[in-house]
Amino acid sequence: MELKERVFSGMQPTGSLHLGNYLGAMVQWIEMQKTHECIYCVVDLHAITVWQDPKELRDAIRQVTAAYIASGLDPKTSILFNQSQVAAHAELAWVFNCVARLGWLNRMTQFKEKAGKDRENASVGLYAYPNLMAADILAYRATHVPVGEDQKQHLELARDIAQKFNNDFRAEIEAKGYADGLFFPQPEPVITGPATRVMSLRDGTKKMSKSDPSDLSRINLTDDADTIARKVQKAKTDPEPLPSETAGLAGRPEADNLVGIYAALAGKTKAGVLAEFGGQQFSAFKKSFAEVAVGRLGPIGEEVRRLTADPAEIDRVLADGSARARAIAAPIMDEVKDIVGLIRS
Ligand code: TYM
């Protein structure tokens, strides 16, 4: 049996999406719709690994779904759904909890960052989070996973889990007719968005993130023109003018980040941006930056607001996507049960 190329990726509904999500992943997701069968998930089960207010979570799931559509994902071509509606994710995650080793999870840097000093008080779900992520991908036997750079380690773990499962159950897998014991593919990370690591506007050494307490650190897809202009205005810079060549960005994390974002938004290279603004002060550059950002994000924000005004319609999109996702994942999960030795009806 040959493995078909299939794309899977997801985002957490823990607040509104920001420029990092958009440039690091979403732009690539949209591109891949043209060439691949794509499954894009709102990973609500991942969101509850840290406390979420139930009402805010419901709103966030709908808002992220709206942002997917507003950014250019087509719910007719691609499958758009929320994770908790497809039982295979949680079921396969349990099997993977029994395949992955404690030592593997102990190496995950994101858990260390998120759990912080109070590790004993982190949820078990937060620790096992990467196993659920592997299940998300492999429940569809997906082969390609477009993400930002911060997800690289989790994807390496997903590959290790796929391989260990294939090895552990090789005899059963081959008995089912899979050549070379290849039941799960090794999912490939696709880290090729226009900016795979967007940094905070307040600190060029920190990743732009939904969980940063300062809203000034990020540009949200739903920010209006005034808010974007204000955040750009307040973005941290250094006292030097912009360099004329990219080598001059070394050791200047804030300048490097802003030039990188500008280039990604305007569809230019960093060198091209510096050819235009090299030698100038940040004030002129920031003015143009805000215009480019508003031009690109303004229509997305407006469309999100329009779509979220009709939550029932969003729920219909999610129900339809979930049914289509289930139709792919359920037979794969049935096979997993056979392979592992579980009896199913
Ligand atoms: P999440 O929700 O943190 O982020 C969603 C996507 O946005 C990318 N991203 C960034 N890219 C560049 N610069 C940034 N500052 C930045 N911040 C976020 C992320 O790399 C990601 O691609 N665990 C995942 C969600 C997930 C998933 C999956 C992804 C669950 N299951 C299966 C792929 C496949 C996460 O928390 O992403």
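Colleague: How many salt bridges does the count give between domain 1 and domain 2?

Modeller: A salt bridge means a side-chain nitrogen of Lys or Arg within 4 Å of a carboxyl oxygen of Asp or Glu. Here, between domain 1 and domain 2, the count is zero. Keep in mind that this is a predicted model, where local features need pLDDT of at least 70, side-chain atom pairs count only at pLDDT 80 or more, and totals for chains, interfaces and linings use all residues. Residues are numbered from 1 along each chain as its sequence is written, and side-chain values use heavy atoms, with hydrogens and water left out.

Colleague: Where do the two domains run?

Modeller: Domain bounds come from an automatic or database domain assignment. In this chain, domain 1 covers 6-196 + 310-340 and domain 2 covers 223-306. Their C-alpha centres are 31 Å apart. With contact taken as heavy atoms within 4.5 Å, twelve residues of domain 1 and nine residues of domain 2 take part.

Colleague: And how do I read buried area?

Modeller: Buried area is the accessible area (1.4 Å probe) that two parts lose on being put together, summed over both. For domain 1 and domain 2 that comes to about 830 Å², with 79% of it on carbon and sulfur atoms. On the domain 1 side, Leu 19, Tyr 22 and Ala 70 supply 51% of the area buried against domain 2, more than any other three residues.
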